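Please read this briefing alongside the sequence and the coordinates shown below. The points are grouped by topic.

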Amino acid sequence: MRPARLTVLTAVAAVAALTAVTGCAEKSGAGDGAVKIAASDSACEVSKTEFPAGKVTLEVENKGSKVTEVYVLFPDDRIVAERENIGPGTKASITAEIKAGDYEIACKPGMKGDGIRQKVKATGNGAVEKRSPELDAAVAEYRKYVQEQADQTLPKAQAFADAVKAGDVEAAKKAYAASRIGWERTEPVAESFGDIDPKVDVREDGLEAGQDPAKDWTGWHRLEKALWVDNKIGDDEKKLADTLITDLTDWQKKVGQAEITPTSMANGAKELLDEVASGKVTGEEERYSHTDLVDFKANVEGAQKAYELLKPVAAKNDPALSAELDKQFAAMNTLLDKYRADKNGYEFTSYETVGPDQRKELSDAVSALGEPLSKLAAAVAK
Amino acid sequence: MSDDTNTTGAATADAAGEATGGPSRRAVLGWGGAGLALGAAAAGGTVAALTDTTDAVPAALSGSAVPFHGKHQAGIATAVQDRLHFAAFDVKTKDRAELVQLLKDWTRAAERMTAGLPVGEGAVGGLPQAPPDDTGEALGLKPSRLTLTVGFGPGLFAKDRFGLEGRRPEALIDLEAFPGDNLDPAKSGGDLCVQACADDPQVAVHAIRQLARIGFGKTAVRWSQLGFGKTSSTTPDEQTPRNMMGFKDGTRNISGTDTAALDKHVWVADEAKDGSAWMAGGSYLVARRIRMNIEIWDRTPLQEQEDIFGRDKAEGAPVGKSKERDEPFLKAMKPEAHVRLAHPDTNNGATILRRGYSFTDGTDGLGRLDAGLFFLAYQRDVRKGFVPIQRNLAKSDVLNEYIQHVSSAVFAIPPGVRDKDDWWGRALFA
């Protein structure tokens with residue numbers, strides 16, 4: 001997990017916003033149809049609380065003195081769209097595909113807290129993005145996959161938590177990496193529930209200013225440090241094991257409701273490779289346990305799953321790209337297999353023993369796969 | 001680090017200027033327009049529109065384009081630009097057709113970038129859901145005399161690789177180990193290289209970044225080097241730049257307009273006999289990262305510094321002479337002076353065209369300036385150019401106490417891309 005990263009959803013929203021700014025796409029409806037939001041340090045005024053569903057443009061003006069951010073939220077706080085870092089005195093626009101239903105708009109002056117909320121409603125059956133049945137099937141399949149991953153993760157995480165609670169350092173170490181696989185396979189979706197990721201997967205250096213590692217650091221990596229650096233389990237760790245299960249159960253419940261579109265699936269696959277490139281190949285993610293290659297493999301598997309589901313459409317729209325992706329996924333997997341004796345297992349070489357030349361080779365393979373993968377969304381959107 | 005490697009003087013360049021009906025000597029004084037003309041003359045023999053303007057516009061602002069097509073690749077005899085980004089690549093693909101396609105793709109991208117255009121569909125205006133073809137950091141910048149020069153390393157000709165083993169030129173040797181070398185293998189060698197020179201560093205970095213991106217999966221960047229403050233010039237009428245030791249370096253470099261010297265020392269002739277006819281019009285490049293022990297040098301007395309180089313620090317005049325361009329009297333110098341050992345007269349006439357740049361990569365872990373010279377030498381045959389000179393220098397040069405060669409690579413530089421249908425290395429893969 002990287003702090004302040006773009007989630008799948010915000011990535012889509014940011015792209016949409018850019019479209020509106022550059023004016024290169026079709027008419028964005030930024031004229032009279034736009035919903036104007038006047039954000040200040042103490043208010044979040046929305047020009048209309050009811051608007052037609054479909055492609056909606058929100059024009060935000062920050063009239064306050066603090067940097068703010070604006071969210072469109074489902075009633076259960078899932079994010080539809082967001083825009084961060086809107087400076088005092090500046091304007092920004094957010095374009096999002098919004099279905100009929102009830103929503104909340106939240107302005108967060110200072111980019112903190114729950115924000116100042118306004119209830120809004122999208123009405124009618126406005127033209128929601130047209131999708132092919134093939135892509136609808138891909139999304140449905142992927143949603144199923146994501147749920148399965150969460151369902152399979154819980155028992156493994158429970159085994160890990162039980163070992164921690166029993167004070168069994170060795171058993172906990174053995175169960176650690178396996179408990180993360182399902183999460184790592186579906187990380188972009190998991191991250192779309194903004195609050196779960198920082199609870200379960202933050203690293204010590206990902207804490208925000210003012211947060212105290214002793215009090216505010218929770219999740220896998222805190223336990224990783226206790227197991228591999230301190231080599232002991234205290235009462236705090238035992239409690240944290242329970243907290244981890246609580247948070248993962250929350251994730252398991254929510255994950256089926258994530259907003260998933262064909263392009264967010266494609267960009268999510270690319271983001272999994274980004275995760276590998278920024279955290280795993282450098283050995284930062286699992287700096288104590290050195291189980292980075294397990295996460296690495298899981299990230300690649302998750303990306304490959306999304307790709308395979310989109311492939312029927314991608315192969316039609318851009319056969320050269322899908323041929324390249326087939327080739328690079330195969331090369332990546334062959335390379336990773338060098339680091340595990342059992343091709344069906346998840347016992348990988350400790351990343352500590354992977355030398356600079358080998359890391360360079362892995363990094364080159366990540367670039368070779370990540371670059372074409374970044375073009376998958378375009379192939380799907382054509 | 002080899003000064004005075006040219007036997008020809010400024011007079012020849014003047015003569016060439018007169019002969020082409022070019023600008024007055026004054027107008028050639030290093031402004032952008034003249035640089036373009038010299039580059040064009042060197043690159044393809046087509047002299048672009050010459051103006052005799054004397055407006056003093058800094059090169060990066062005038063930002064003209066150097067023609068990409070020509071008999072020789074631009075970026076060798078072209079008037080040296082202010083900045084460098086040099087990158088060496090490993091070829092990852094095993095497929096010859098894929099390598100050929102990459103070289104075609106690179107050529108098309110280079111044509112666009114050297115003209116100041118973004119690659120592919122550009123940086124903006126494409127599909128909003130996908131990253132653009134061009135990364136965009138050069139949008140709005142002028143071509144800045146960008147040149148892109150490609151080279152082929154020895155590894156490309158290895159047996160059972162791309163079927164090129166019979167086409168490796170004899171002149172493309174594996175360099176011997178020179179005394180004092182401390183080479184980092186991770187920052188040496190490479191199957192391909194691209195030298196990007198421009199008057200604006202952003203333009204040079206942008207160009208390498210686009211080519212690296214196009215190459216992912218087929219190639220991987222092995223190492224790269226940024227350079228600034230050209231340490232030699234191929235336009236002898238310009239002031240000779242100083243290196244990081246404070247000395248004028250490369251006073252007697254081959255002029256980019258001295259076609260006779262270029263033909264004799266730099267360009268590969270047409271009549272190759274060893275299966276390397278594809279190299280006609282090309283050249284050979286030796287790249288060396290030369291780290292300077294800056295702090296130690298700075299504690300060296302002025303007289304000793306001048307004795308080490310064999311030139312004075314203020315004017316750059318050879319020992320016993322008063323002007324920088326006075327013919328050096330080698331015997332007046334200490335036997336182990338740098339200029340004396342590097343001079344063609346000491347090396348049976350061995351002459352190279354230098355295109356070096358200073359570099360500073362911050363400081364090392366001990367707080368010492370990680371700086372020096374990124375040495376780029378072009379020659380017709382490495383065995384007759386760099387090797388004898390470096391043997392001589394490595395053995396005796398007193399400068400060795402203050403420098404260390406830490407990275408090394410050698411490349412065959414194929415001839416220029418003739419036109420829109422041609423591509424880098426076509427003759428090699430034909």
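Asn231(A) is found in the loop between α8 (220-230) and α9 (235-254) of chain A, where helices (H or I, at least four residues) and strands (E, at least two) are DSSP runs numbered from the N terminus. The phi of Asn231(A) is near 60 degrees, a positive value in a residue other than glycine, and at 44% relative accessibility Asn231(A) counts as partly exposed, given that buried means under 20% relative accessible area, exposed over 50% and partly exposed in between (1.4 Å probe, protein chains only).

This is a predicted model, in which local features need pLDDT of at least 70 and side-chain atom pairs count only at pLDDT 80 or more, while totals for chains, interfaces and linings use all residues; side-chain values use heavy atoms, with hydrogens and water left out. Residues are numbered from 1 along each chain as its sequence is written, and chains are lettered from A and ligands numbered from 1 in the order in which they are written.

**Confidence**
- The model scores ipTM 0.76 and pTM 0.78.
- Chain B averages a pLDDT (the predictor's confidence in each residue, from 0 to 100) of 86, and 85% of the residues score at least 70.
- Over residues 2-55 of chain B the pLDDT is below 50, and beyond near neighbours in sequence this stretch has 104 contacts in the model, a contact being heavy atoms within 4.5 Å.

**Annotated domain of chain A**
- The unreviewed UniProt entry carries the annotation "domain: Imelysin-like" for residues 138-376 of chain A; UniProt positions are given in the numbering used here, feature names are shortened, and annotations may be inferred rather than shown by experiment.
- Over residues 138-376 of chain A the chain is 71% helix and 0% strand, with the end C-alpha atoms 14 Å apart.

**Helix α8 and the cores**
- The buried residues of α8(A) are Trp220(A), His221(A), Arg222(A), Leu223(A), Glu224(A), Ala226(A) and Leu227(A), and what covers them includes α2, α3 (169-176), α4 (181-185), α6 (196-200), α7 (213-216) and α9 of chain A.
- The largest nonpolar core has 76 residues, and those with the most contacts inside it are Phe160(A), Phe296(A), Met332(A) and Leu362(A); such a core is a set of buried Ala, Val, Leu, Ile, Met, Phe, Trp, Tyr and Cys residues joined through side-chain atoms within 4.5 Å.
- Helix α2 (residues 133-165) of chain A gives the most to this core, with 13 residues.
- Apart from this core lies another, of 73 residues, among them Ile290(B), Ala371(B), Ile403(B) and Trp423(B).
- Not counting residues up to four places away in sequence, Phe160(A) touches residues including Trp220(A), Leu223(A) and Leu227(A).

**Rings and charges**
- The charged end of Arg180(A) sits over the ring of Trp220(A), 5.0 Å from its centre, where the rule asks for NZ of Lys or CZ of Arg within 6 Å of the ring centre and within 35 degrees of the ring normal.
- The charged end of Arg340(A) sits over the ring of Tyr346(A), 5.8 Å from its centre.

- Gln328(A) is found in helix α12 (residues 319-337) of chain A and is buried, with a relative accessible area of 6%.
- Leaving aside neighbours within four places in sequence, Gln328(A) is in contact with Ala368(A), Leu369(A) and Gly217(B).
- Ser144(B), in the loop between α4 (96-114) and β2 (147-152) of chain B, has a positive phi of about 55 degrees although it is not a glycine, and Ser144(B) is buried, with a relative accessible area of 1%.
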